[in-house]
Amino acid sequence: FDNKVVSKIQTVKIYSIEKIKDSEWNYITYEEYQQLIEVTDNILYKRMFEFLYYTGLRITEFIALTWNDIAFDKKTVRINKILTNKVDYANYDILPPKTTNSIRTVDLPDNIITMLKDHKNEKKNIWF
């Protein structure tokens, strides 16, 4: 697992004068998504935002994904682990989700399957 990726993750706190229900701010609208994509120049970030928007995954679920979690033939992604920093023995770890309800299979639309295939093929030629 790449420590550089983990070090770039920041916790964002949202402050408000009045209390906002989770259901009111815990998602972005399609219009907000379009505005975000329009100003994002980095192809990796665009792909990440697209994947997160169309799947509804939490960022901790997204970061824990591997290619083995993607079933291209079934057009699904299996969510069965998360990245957490709530461990005593390390800065972070990949663990099962807190609840069994968080373990699930998410359907992927065709545009996400195409994007993932393109991304995977591009990364095959990179040597680390």
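Reply: Angles over 145 degrees between N-to-C directions count as roughly antiparallel. In this predicted model, helix α3 (residues 30-39) and helix α4 (residues 43-55) pack at an angle of about 170°, with their axes 10 Å apart, and they are therefore roughly antiparallel to each other.

Me: Which residues of α3 and α4 make the contact?

Reply: On the α3 side the contact is made by Y30, Y33, L36 and I37, and on the α4 side by K46, F49, E50, Y53 and Y54. L36 is partly exposed, with a relative accessible area of 30%, and together with I28 and V39 L36 makes a nonpolar surface patch of about 250 Å².

Me: How should I read a salt bridge, and how many salt bridges does the count come to?

Reply: Side chains of opposite charge can pair when their charged atoms come close. Here the count comes to five salt bridges. One of them joins the side chains of R47 and E122, at 2.9 Å from N to O; because R47 lies in helix α4 and E122 in helix α6, this pair ties together parts that are 75 residues apart in sequence.

Me: Is R47 buried or exposed, and what is H119 in contact with?

Reply: R47 is buried, with a relative accessible area of 12%, whereas E122 is partly exposed at 40%. H119, which is placed in helix α6 (residues 110-123), also counts as buried, at 14% relative accessibility; leaving aside its neighbours within four places in sequence, H119 is in contact with L44, R47 and W67.

Notes:
Residues numbered from 1 in each chain as written. Predicted model: local features only at pLDDT ≥ 70, side-chain atom pairs only at ≥ 80, totals over all residues. Heavy atoms only, no water. Helix = DSSP H or I, 4+ residues; strand = E, 2+ residues; numbered from the N terminus. Buried < 20%, exposed > 50% of the residue type's maximum accessible area, 1.4 Å probe, protein only. Contact = heavy atoms within 4.5 Å. Patch = residues over 30% accessible without salt bridge, like charges linked within 9 Å, V, L, I, M, F, W, Y side chains within 5 Å. Areas by Shrake-Rupley, 256 points an atom, 1.4 Å probe, with all protein chains shown as cover. Salt bridge = Lys/Arg side-chain N within 4 Å of Asp/Glu carboxyl O. Axes fitted to C-alpha atoms, helices over the stretch in contact; angles between N-to-C directions. Parallel < 35°, antiparallel > 145°, perpendicular 65-115°, else oblique.
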